[in-house]
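Hi everyone, thanks for coming.

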Amino acid sequence: MQLATWNINSLKVRIGHVQDWLRSNPVDVLCLQELKLTDENFPVAEIAALGYTSHFTGQKTYNGVALLVNHAKVGEATDIVKNLPNFPDEQQRLITATVGGVRVVCGYFPNGQSLESDKFAYKLNWLDALTHWLSGELQRHPQLALLGDYNIAPEDRDVHDPAKWEGCNLVSPQERQAFARLQGLGLRDTFRMFEQPEKTFSWWDYRMGAFRRNAGLRIDHVLASAALAERCTGCEIDRVPRTWEQPSDHTPVVATFKD
């Protein structure tokens, strides 16, 4: 079973990228973030033509998340939940479903903007609510994966230049502590379960030739419950889509699990 996550940064603009990538990488579930479109504009037919059922919750211009499920391989998704039941919010950031016996949670975590901003306080509150809710989900679903754009680089080795980023959001002690609390639930960072090349990132700014210089961050993650992590045979970041014309600033992360 393969689970993947990709912040697509506008599905309308990059539907072709999603189609091309799925043709070459027919994963069982693809979690998308930053759809940046309303539900009525979701390209259901285009995704269905690839053999995937779409489950999504979107909004105009910002946010939006989706689960694309390869139903011929893993069956249809069930028990679908949109957003956090314990955190009333107009921002569409979370969608959850059970697929092939695995509880799959797809999240677009808040960015936080800056440590002094209201958006940073919102981010920490959202993370607290997520952690609390997941503790219950894990009791009900021992096989659980939390995928998405976390907007958190957990360690300095996930940052191209830690000194340059000191004092910024995405790398702050508060955010890293929140990430650690998720791990405290028993979730494991599947990428770090395996030996990985140094300076491996999932996001690069569009500016200043960041991708060319590999000046990136690893902020897109696949965390797995203890029971699911035992089945994990690999996790890798696919840099190829970041080389395409008009790419997302993020690139896919794919985790593989044995049956």
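Start with Thr 78: its bridge partner in β6 is Thr 98. Keep in mind that we're looking at a predicted model. As a reminder, strands of a sheet pair through backbone hydrogen bonds, and they can be parallel or antiparallel.

Now zoom out to the sheet. Six strands make up an open sheet, and the order is β5-β6-β7-β8-β12-β9, with mixed pairing. Which strands sit at the edges? Those are β5 and β9, each pairing on one side only. There's a helix packed on this sheet as well: α6, residues 173-184, touches β8, β9 and β12. The direction of α6 makes about 25° with that of β12.

Okay, on to some backbone angles. Most residues other than glycine have a negative phi. Asn 83 isn't a glycine, yet its phi is positive, about 65°. You'll find Asn 83 in the loop between β5 and β6, the strands we started with. Is Asn 83 buried or exposed? Asn 83 counts as buried because its relative accessible area is 14%, and the cut-off for buried is under 20%.

Thr 61 is another one: its phi is positive too, near 80°, and again this is a residue other than glycine. Look for Thr 61 in the loop between β3, residues 52-57, and β4, residues 65-70. Thr 61 has 40% relative accessibility, so it counts as partly exposed.

Key: Residues are numbered from 1 along each chain as its sequence is written. This is a predicted model: local features need pLDDT of at least 70, side-chain atom pairs count only at pLDDT 80 or more; totals for chains, interfaces and linings use all residues. Side-chain values use heavy atoms; hydrogens and water are left out. Helices (H or I, at least four residues) and strands (E, at least two) are DSSP runs, numbered from the N terminus. Buried means under 20% relative accessible area, exposed over 50%, partly exposed in between (1.4 Å probe, protein chains only). Two strands pair if DSSP finds at least two bridges between them. Contact means heavy atoms within 4.5 Å. Axes are lines fitted to C-alpha atoms, for helices over the stretch in contact, and angles run from 0 to 180 degrees between N-to-C directions.
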